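I opened my notebook to look through this structure one piece at a time.

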Amino acid sequence: MSASPALVIVGSGLAGHTLARSLVSLGYAGSVTLVGEEHHAPYDRPPLSKEFQLGDESTLMLQADGLAGVQVISGCKAVAIDTDRRALALSDGRELPWDSLVLATGVRPRPLAGSDPQAPVHFLRTLDDARAIRAKLRDGLKLTVIGGGPIGLELAASAGQLGARVTVLEAAPRLMARTVPPTIAEVLLEHHRASGAQVLLGAQVKAVQRGGVELADGRRVEADLVVVGIGVVANDDLAHAAGIATDDGIFVDANFRTTQPDVYAIGDVTRQRNPISGRFERIETWSNARTQAQALARQLCAGTNGAPRVVTGAAAPWFWSDQGNLRLQCAGLPQGDQEVRRGDPATGLVVGQWSAGRLVGVAAINAPQDFNLLRRILDAGQSMTPEAFASSTELRLPPNHTPEGPAEPVPVTVTQSDAPAALAPSAPLAQVPSTLPPPPPPTAQGTAPDLAACPLEYIEEGAIGSTSLPDGTRIAIYRIQGDEVFATDDKCSHGSSSLCDEGSLEGHLIECGLHLGSFDVRTGKPVSAPCTKAIRSYPAQVRDGTIWIATQPIEPSP
Ligand SMILES: Cc1cc2nc3c(=O)[nH]c(=O)nc-3n(C[C@H](O)[C@H](O)[C@H](O)COP(=O)(O)OP(=O)(O)OC[C@H]3O[C@@H](n4cnc5c(N)ncnc54)[C@H](O)[C@@H]3O)c2cc1C
Ligand code: FES
């Protein structure tokens with residue numbers, strides 16, 4: 001290997017892009033080249049079936065900064081790997097030498113057999129696919145979605161919101177059969193039917209023709225537009241042709257090494273041992289792609305920049321799926337030998353799975369905070385008894401909980417319901433003792449904290465409270481430890497999630513409960529994707545045992 005190693009990443013989707021950014025931020029000592037087949041700047045796929053279809057493109061693009069020094073080659077496909085000469089051939093005839101090669105080539109939609117080439121059939125994987133669908137969606141359009149998996153159901157929900165008449169055809173006897181327990185599948189079915197979609201289960205598609213879909217049992221479903229979401233196949237051809245072990249996915253070990261020295265793979269394309277099931281599986285989720293990329297970056301930097309060797313931790317796989325106003329989150333396995341549920345879909349439903357007495361999976365509907373707590377327990381390889389899950393009024397981390405990841409142990413969040421009722425958004429300020437001390441002087445930013453939010457003791461150390469400004473804006477208040485308090489807007493800038501109701505505070509980071517983006521509570525600046533826009537922060541101080549905040553925010557710097 002040369003003194004300055006050449007690292008080439010194939011695929012500029014979430015995994016490839018995250019790896020390149022992480023390498024830059026960790027100070028990788030070699031050169032980095034990112035090769036992507038798509039012509040667009042790196043973008044995020046989850047919004048394609050959701051916000052993007054409703055006209056909101058604000059969350060689409062991945063962070064453009066942070067790639068300083070990375071050579072980005074777009075609109076160019078990698079066509080062959082020469083492992084002897086350590087060279088990568090590109091579709092434009094160029095050849096790139098590499099010392100380390102990372103394959104982040106993702107997956108592509110599984111094709112549908114029996115489709116008339118003239119039929120209006122679409123798939124949904126890329127920005128171009130999403131644009132083509134969006135251009136056709138309109139009020140009254142007859143849309144048939146083939147496949148009741150997450151992407152099909154998300155699109156069905158978005159199209160329904162736009163007034164389309166939606167039919168979902170699912171071959172299995174229930175929705176999302178591969179990824180959610182039957183209890184959750186039932187809730188999804190009711191949700192989509194209640195939203196106006198016609199959902200046919202056990203519906204085998206025989207052929208798609210112009211104007212409609214013919215089912216194996218002879219029924220015909222009229223359609224102006226058909227979108228197929230029947231799963232994906234791995235883009236592993238490049239690896240396979242180079243003699244790397246594949247099976248609808250590139251086999252990797254816990255350190256993302258393929259069977260070829262110095263060739264790694266990350267993201268949807270990988271087949272890695274699932275820490276909970278013990279099987280080699282492909283995990284097609286946003287969090288998996290991102291976590292793998294970050295872990296590989298740490299590993300590749302180990303030794304090149306003096307960083308210690310990294311042992312990658314196995315995290316429980318998890319994903320979210322937003323289907324209209326229904327928020328689904330799942331971690332671990334969809335089924336065990338014992339299932340326990342708590343709550344209901346309206347107020348928050350959580351379904352836990354146990355296998356041989358051990359918690360192995362959790363699925364939640366509209367209950368992000370409980371979900372995140374249980375996900376942490378799974379991640380740490382810890383458990384909770386089914387009895388405690390079912391009977392406790394409020395879920396808590398076990399006393400011996402080890403926080404995941406390399407971060408220092410930090411105080412773990414106390415849920416909103418731990419806070420006294422006085423901290424609820426509508427809490428009247430009269431709840432605050434009437435003999436208030438005088439307000440504190442202006443802060444260094446020149447803004448005077450002018451609103452007495454609540455007594456300090458109302459928010460435990462490491463917990464989140466809330467208050468409302470006179471104009472109704474809800475504010476999240478974070479007590480780190482002692483008198484150290486901060487305040488920000490309550491609403492996550494990525495979506496509509498409430499940081500105090502659904503977030504988790506770890507040190508100075510508030511992690512959004514919905515998609516786990518995070519912000520620094522001291523500045524409101526985004527720390528991790530998918531959050532890219534800052535939230536406003538409000539100067540906060542403690543004076544004589546009362547938390548004061550300024551009603552004038554510090555506008556985030558661009
Ligand atoms: C519509 C949609 C909605 C989703 N919603 C969610 C969600 O709500 N929650 C969730 O957890 N996950 C969701 N996902 C899944 C998530 O987006 C993926 O898990 C994630 O994008 C995987 O990232 P990746 O980088 O591994 O693969 P990709 O994002 O697929 O990127 C791979 C890239 O490699 C490129 N490439 C392939 N071969 C070559 C080659 N030979 N040369 C050069 N470039 C190449 C491809 O063109 C592609 O750009 C969704 C996916 C889609 C499509
Ligand atoms: S709503 Fe998506 S990270 Fe907060």
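**Helix α2, both sides**

I began with the outward side of α2, where D128, R131 and A135 are exposed. This is a predicted model, and I kept that in mind throughout.

Next I looked up the buried residues of α2, which spans residues 127-136, and found L127, A130 and I133. Viewed down the helix axis, they fall within an arc of 125°, so they line one face of α2. I then asked what covers the buried residues of α2. The cover includes β9 (121-123) and β16 (225-228).

**The nonpolar cores**

I turned to the largest nonpolar core, which has 99 residues. The members that touch the most others are A156, V227, I477, Y478, A540 and I549. I followed up Y478: leaving aside neighbours within four places in sequence, Y478 is in contact with I464, V485, F486, L505, I510 and V521. There is also a second, separate core of 43 residues, with L14, L88, L103 and L296 among them. As a general note to myself, nonpolar side chains tend to be buried together in soluble globular proteins.

Is β30 (residues 485-489) largely enclosed or open? I found 5 of its 5 residues buried, so β30 is largely enclosed by the rest of the structure.

I checked its pairing next. β29 (residues 474-479) and β30 are antiparallel and share 5 bridges, with A476 opposite T488. These two strands form a hairpin with 5 residues between them, and G482 in the turn has a positive phi of about 55°. β30 also pairs with β35 (residues 537-538), again in the antiparallel sense, over 2 bridges. There T488 stands opposite S537.

**A three-strand sheet**

I traced an open sheet of 3 strands in the order β18-β20-β21, with mixed pairing. β18 (250-251) and β21 (280-281) are at the edges with a single partner strand each, so one side of each has no neighbour in the sheet. β18 and β20 (residues 270-273) run parallel and are joined by 2 bridges. I noted one partner pair there, F251 with R271 in β20.

**Around ligand 1**

My last stop was the ligand. Which residues come nearest to ligand 1? Of the 36 around it, they are G11, G13, A15, G106 and G267. The elements that give two or more residues to this shell are α1 (14-26), α6 (286-301) and β22 (318-323). I sorted the shell by kind and got 16 nonpolar, 13 polar and 7 charged residues.

Terms used: Residues are numbered from 1 along each chain as its sequence is written. Chains are lettered from A and ligands numbered from 1 in the order in which they are written. This is a predicted model: local features need pLDDT of at least 70, side-chain atom pairs count only at pLDDT 80 or more; totals for chains, interfaces and linings use all residues. A residue is near a molecule or strand if its C-beta atom, placed from the backbone, lies within 6 Å of it. Helices (H or I, at least four residues) and strands (E, at least two) are DSSP runs, numbered from the N terminus. Ala, Val, Leu, Ile, Met, Phe, Trp, Tyr, Cys and Pro count as nonpolar, Asp, Glu, Lys and Arg as charged, and the others, Gly among them, as polar. Two strands pair if DSSP finds at least two bridges between them. A residue is buried if 20 or more other C-beta atoms lie within 10 Å of its own, exposed if 12 or fewer, and partly exposed in between; C-beta atoms are placed from the backbone. The arc is that of the directions from the helix axis to the C-beta atoms. Two residues are in contact if their C-beta atoms, placed from the backbone, lie within 7 Å. A nonpolar core is a set of buried Ala, Val, Leu, Ile, Met, Phe, Trp, Tyr and Cys residues joined through C-beta atoms within 7 Å.
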